[in-house]
Amino acid sequence: MKSKITTLIIIFALFTNISNAQNYDLDKYIKSSILIDQQSGNVLYEKNADQQMPCASLTKMMTLLVTLDSIKNNKVSKNDIVEISSKAARTSGSTYRLKKEEKVKLINLMKGMMVVSGNDAAVAISEYVGGDTKTFVEMMNKKAKEIGMNKTSYINPNGLPVYGINGDMKTPKENMSTARDLSLLAKYLIDNYKQDVLNITSIQTHTNYKRGFIGNNTNALLRIMPGVDGLKTGFTGRAGYCLASTMNIKSTNENNKDFRVISIVLGAQSSKNRTSVSKQLLEYGKNNFKKSRIVKKDTFIGKTYLYGESELEVNLKIKEDLWIVKKDKEKIERSIILDKLTYPINRGDKVGKIKYYTQDGVNIANADIVSDSEINTIPMKIKLKLFIEKIVK
């Protein structure tokens, strides 16, 4: 009986530690993290998010992005057959067990890279899509700069440490990034290739009977947290254990909307720690935030006057519904910025912008202000007045 009670206490303690996301008891086991709202990119939580460090196999998210871009631009097809080079086949680390001169579809290489973290698959992809690995890495760095990953640099397509650069055999060179940069990458992937990406990263077990391959997804969250459908794990000795994860959070009533969060955890001390902290971050997003409508379309917000004349009144309204992810009782401040009005004014013309801010002054949402009035004629007395004022000036 005593043994059973002790077991129950331990289970309860573990559950409390994991579910109490606001305490972040496991934060001490990681070096860097960030949680963002996928649609807006607004930061919901961060710790050392701009600390540059090795990103290990989270690199493969960029390899996937460059490949998806190439498919979109009809440079390659996901059904293309790729012949595996000796270089790819002998790549070390986590593997898709590729063999020299084996022929594999590009889409299966993409699955092998993202699901079981095949370093060999990443090299094979880079050689096929880029023509050679060096050119592909240049494409990776170019794309990183394009999407604002300003603290990121790549030297290979899989995240493995590289020894011997500039003759240094003791300290390896690695792909470098930050939690914030990697959240930008994950957001860009989902913004532009949501179904393509999640159809791969949500696979719990990748089976390729033709190759005699069966491998489980390295992302343990897929098996323990409903709603998680990506994205990528990583590990090297210097990078520690890393995880980029994402989850769609369902609305609780008609006043809320579904929203998706992205979590990045870098430098965890163990695979268990990276999973636990990532779970906490995702639960923190789920338990503390909602996507709420803060202003309805066509809401009247005030009036202004063309040329400052009371007879030329312009009613102002919001162009569209505006939803933001925020805490239940979080206070949001707003400011209204009006454009310089010019004649004539038609109903529906954009005449300004309304901006919403957190109490810390972070701009989290904007909406256009439009005219709900039409001014197609100006009384002669006002025209005369304006003419005289112009001469006097």
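The protein chain carries 62 positive and 40 negative side chains, and the centres of these two sets are 5 Å apart. In this count Lys and Arg are positive and Asp and Glu negative, with His and the chain ends not counted; each charge is placed at NZ of Lys, CZ of Arg, CG of Asp or CD of Glu. Welcome to a predicted model, in which local features need pLDDT of at least 70 and side-chain atom pairs count only at pLDDT 80 or more, while totals for chains, interfaces and linings use all residues. Residues are numbered from 1 along each chain as its sequence is written, and side-chain values use heavy atoms, with hydrogens and water left out.

**The chain as a whole**

- The protein chain contains ten helices and 19 strands; these are DSSP runs numbered from the N terminus, with helices being H or I of at least four residues and strands being E of at least two.
- Its radius of gyration is 27 Å, whereas a compact globule of 393 residues would have one near 21 Å. The radius is taken over C-alpha atoms, and the globule rule is 2.2 Å times the number of residues to the power 0.38.
- Along the principal axes, the C-alpha atoms of the protein chain fill a box of roughly 85 × 65 × 40 Å.
- Buried residues make up 48% of the 393 in the protein chain. Buried means under 20% relative accessible area, exposed means over 50%, and partly exposed is in between (1.4 Å probe, protein chains only).
- The protein chain has an accessible surface of about 20000 Å², and carbon and sulfur atoms account for 50% of it. Such areas come from the Shrake-Rupley method with a 1.4 Å probe, and for residues only the protein chains shown count as cover.
- Among contacts in the protein chain with a separation of 6 or more, 63% come from residues 24 or more positions apart. A contact means heavy atoms within 4.5 Å.

**Aromatic rings**

- A pair of aromatic rings is described by the distance of the centres and the angle of the planes.
- How many aromatic pairs does a search of the whole structure find? There are four, where rings of Phe, Tyr and Trp (its six-membered ring) pair if their centres lie within 6.5 Å, and planes under 30 degrees apart count as stacked, over 60 as edge-to-face and the rest as tilted.
- Tyr-45 and Tyr-284 form an edge-to-face pair, because their ring centres are 6.3 Å apart and their planes meet at 75°.
- This pair links distant parts of the chain, since Tyr-45 sits in strand β2 (residues 43–47) and Tyr-284 in helix α9 (residues 271–288), 239 residues apart.
- Tyr-45 is buried at 18% relative accessibility, and Tyr-284 is buried at 7%.
- Together with Phe-289, Tyr-45 and Tyr-284 form one aromatic cluster.

**Around Gln-38 and Ile-262**

- Gln-38 belongs to the loop between β1 (32–37) and β2, and it counts as buried at 12% relative accessibility.
- Leaving out residues up to four places away in sequence, Gln-38 touches Lys-187, Ile-190, Asp-191, Arg-260, Val-261 and Ile-262.
- Gln-38 and Asn-248 are 210 residues apart in sequence, with 9.4 Å from C-alpha to C-alpha.
- Ile-262 is part of strand β12 (residues 259–268) and is buried, with a relative accessible area of 0%.
- The residues touched by Ile-262 include Ile-34, Leu-35, Ile-36, Ser-183, Ala-186 and Thr-246.
- From Ile-262 to Asp-37 the C-alpha distance is 6.5 Å, although 225 residues separate them in sequence.

**A look at Ile-71**

- Ile-71 lies in helix α2 (residues 59–72); beyond its neighbours within four places in sequence, it is in contact with Val-76, Ser-77, Lys-78, Leu-106 and Met-110.

**Backbone details**

- Most residues other than glycine have a negative phi, and most peptide bonds are trans.
- Which form does the peptide bond from Gly-230 to Leu-231 take, cis or trans? This bond is cis, with omega near 15°, and Leu-231 lies in strand β9 (residues 228–236).
- The peptide bond from Tyr-343 to Pro-344 is cis, with omega near 0°; Pro-344 is in the loop between β17 (333–338) and β18 (350–357).
- Asn-48 is not a glycine, yet has a positive phi of about 50°. Asn-48 sits in the loop between β2 and β3 (53–54) and is partly exposed at 42% relative accessibility.
- Asp-298, also not a glycine, has a positive phi of about 70°. The loop between β13 (289–295) and β14 (300–305) holds Asp-298, which is partly exposed with a relative accessible area of 42%.
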